[in-house]
Amino acid sequence: MKEDYLHFLWKFTQFKHQNLKSTDGEPIVLYKTGFLNTDSGPDFKEARMRIGALEWAGNVEIHLRSSDWNRHGHEKDQAYNSVILHVVWQHDLEVYNEQGKLVPTLQLSDFADKKHLNRYRQLLASMGKIACENYFSSVSEIKKLTMLDRALMQRLQRKAEEVSVRLNKNLGDWEETAYQTVAMHFGFKLNNAAFLRLAEAVPFKLVKKYSLQVESLEALLFGMAGFLRQSSDSYAWQLKREYDFLEKKHELKAKGMSVSEWQFLRTRPGNFPTLRLAELIGFLHNRPSLFDLLIETKDFKTLNRLIRQPTSAYWQQHYAFGKASATALQGIGRNSAESLIINALVPIWVAYGKYIDSPQFVDRAIAVLESIPAEKNKITRFWASQDLRIENMSDSQGSIELFNEFCRPKKCLDCSIGHAILKT
């Protein structure tokens, strides 16, 4: 038994709420259970009920056992003097508020629906990929799609919050924040941390200074990344000479990275960090204002074209310094470009929309996701086997969030699909 289950029972009155009685025999008539309080203080605010002959308006506190009241220190806390009813699963102690008044108690286990409780326990005990696998098909399509939309919004807001945290660290500088966010995701998970470290070491104002000179930009970023310390061909030596000059000019030596910070193992040549860095430089080349460009671009095709910029001639033939490719390298591919749009550009839009209180950026983000084909992975394939409709990237992202953040940790009580199953 978990306390959030009691929250669910109380919020949706999923118990026999006729002929309720307190633990001391007083009849209870519920008018309003109140609303869940997500801040400090009692669990439910603004409840209304009749206890005995008196009508009460106030708050409700919920615990597994009555004795949890004292264990949590509520008997010494004035904030809990407003509690008009203590709802518990097991009554094991009379409790008093800070004013010394007895708090009426409702033992919910006396009024719980045993079938409802058994279904909840079955969900928690399920060994399936999702707890509700045996019940999922019984839930209406509209409930499933509503939850998918909710999961998508949660995912967008969570990723946008990461951008907002970075913005605060950058003292409100959106240009720097956009640059760092995009640069980080050129690491494609395996090298995200290293790309972010590089972007933090080489600020955008310095990148912008050399954005029109691709050779200087490559010297600056490859040098700071540590890839020029052991030059292996003439082009690397050429960049090394340029970097040595830039390092002294901008006093960069103390900020330089080591090659050991980059991950090459178990990575195909097309995903080598050297090639990904060349692709990032291609994206940054001729970009004096990165943030304005991202904010002004509104459709997927234009975003895709902006990201898939050609690399310099050297990186069209090499995937690392001194390592030539047998075939010409085409630059960043469609799937990689889509990944950058989903994981970097869309969160920037959502974060900026929240920052200026404009829903149009969230709408734009969802519209772009809906224009990208659905992702195919083990999670989306599982949902397809459950007949959950996954038609585009918006659905894919929502389904991934649903599986990882609700199903995997068995947060059935936070999920409208779980609610539908439990309320059946």
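Before the first entry I noted a definition: two strands pair if DSSP finds at least two bridges between them. I also noted that the model is predicted.

Entry one: strands E2 and E4. I looked up strand E2, residues 27-32, and found that E2 pairs with strand E4, residues 44-51. The pairing is antiparallel and has four bridges. Within this pairing I located Val 29, which stands opposite Arg 50 of E4.

Entry two: strands E3 and E4. I then turned to strand E3, which covers residues 35-36. E3 pairs with E4 in the antiparallel sense, over two bridges. Here I recorded Leu 36, whose bridge partner in E4 is Phe 44.

I followed E4 to strand E5, residues 54-65, and found an antiparallel pairing over six bridges. Met 49 stands opposite Trp 56 of E5. E4 and E5 form a hairpin with two residues between the strands. In this hairpin I noted Gly 52, which takes a positive phi near 65 degrees.

Entry four: the charged patch. Which residues form the positive surface patch? I listed Lys 11, Lys 143, Arg 150 and Lys 423.

Notes:
Residues are numbered from 1 along each chain as its sequence is written. This is a predicted model: local features need pLDDT of at least 70, side-chain atom pairs count only at pLDDT 80 or more; totals for chains, interfaces and linings use all residues. Side-chain values use heavy atoms; hydrogens and water are left out. Patches are made of residues with over 30% relative accessible area and no salt bridge: like charges are joined within 9 Å, nonpolar side chains (Val, Leu, Ile, Met, Phe, Trp, Tyr) within 5 Å. Accessible areas come from the Shrake-Rupley method with a 1.4 Å probe; for residues, only the protein chains shown count as cover. A salt bridge is a side-chain nitrogen of Lys or Arg within 4 Å of a carboxyl oxygen of Asp or Glu. Lys and Arg count as positive and Asp and Glu as negative; His and the chain ends are not counted. The place of a charge is taken as NZ of Lys, CZ of Arg, CG of Asp or CD of Glu.
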